[in-house]
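Subject: Model handed over, with notes

Dear colleague,

Please find the model below. My notes come after it.

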Amino acid sequence: MLLSISPSATVSEVKSAYHRALLKYHPDKQITPQTQPPASYNDIGLLKLAYETLVVPETRAKYDADRTRKSISPRPAQVISLEDFTELDDDPGWTYGCRCGGAYVIMEQDLEKGQHLVGCNSCSEVIWAGYELVTEDKDAV
């Protein structure tokens, strides 16, 4: 987000965004003896690193792979048992309310594939959904 471009931006779009950011955040344009750096001030070195990463095909491919890998496996906020979910009426699946007012929805085929991470349909919160295995104590009466 440093350059404010889409993930599919072309090299020329990256270059244009880099130049716009340099003009906007350059220290000579931002800091005078009478003013302090604005809250939106960015380090020019970070802008340069972002540009160099995105214009070289090899480093861009590595960056895209790392970004995709991170977005595939988010860290769940909590573990919720399917017993706490409400069964859907028309589909083989379950729903659970999120604190934001949205809902988590998990389908039977997702569980069969081993997919237990569920994202809220309204915010970025992620939970792990599944059954907790309970073992019976043979010595209990």
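Predicted model: local features only at pLDDT ≥ 70, side-chain atom pairs only at ≥ 80, totals over all residues.

Residues are numbered from 1 along each chain as its sequence is written, and side-chain values use heavy atoms, with hydrogens and water left out.

Helix H1. Helices (H or I, at least four residues) and strands (E, at least two) are DSSP runs, numbered from the N terminus. H1 has 15 residues and spans 21 Å from its first C-alpha to its last, close to the expected 21 Å (1.5 Å times one less than the number of residues). Its buried residues (under 20% relative accessible area, 1.4 Å probe, protein chains only; exposed is over 50%, partly exposed in between) are Val-14, Ala-17, Tyr-18, Ala-21, Leu-22 and Tyr-25. Seen down the axis, they fall within an arc of 140° and so line one face of H1; the arc is taken from the directions from the helix axis to the C-beta atoms. On the face turned away from the buried side, H1 carries the exposed residues Ser-12, Arg-20 and Leu-23.

Aromatic pairs. There are three in the structure. Rings of Phe, Tyr and Trp (its six-membered ring) pair if their centres lie within 6.5 Å; planes under 30 degrees apart count as stacked, over 60 as edge-to-face and the rest as tilted. The rings of Tyr-18 and Tyr-51 are stacked, because their centres are 4.3 Å apart and their planes at 20°. Tyr-18 lies in H1 (residues 11–25) and Tyr-51 in H3 (residues 44–55), so the pair ties together parts 33 residues apart in sequence. Tyr-18 counts as buried because its relative accessibility is 11%. Elsewhere, ring pairs link Phe-85, Tyr-96 and Tyr-104 into a cluster.

Strands. Two strands pair if DSSP finds at least two bridges between them. E2 (residues 86–87) and E3 (residues 93–97) run antiparallel, joined by two bridges, and Thr-86 stands opposite Thr-95 in E3. A hairpin of five residues connects E2 to E3. E3 is also joined to E4 (residues 103–107) by five bridges, again antiparallel, with Gly-93 opposite Met-107 in E4. E3 and E4 form a hairpin with five residues between them, and Gly-101 in the turn has a positive phi of about 105°.

A separate note concerns the open sheet of three strands, which has the order E1-E6-E5 and mixed pairing. E1 and E6 (residues 126–130) pair in the parallel sense over four bridges, and Val-79 stands opposite Trp-128 in E6.

Regards
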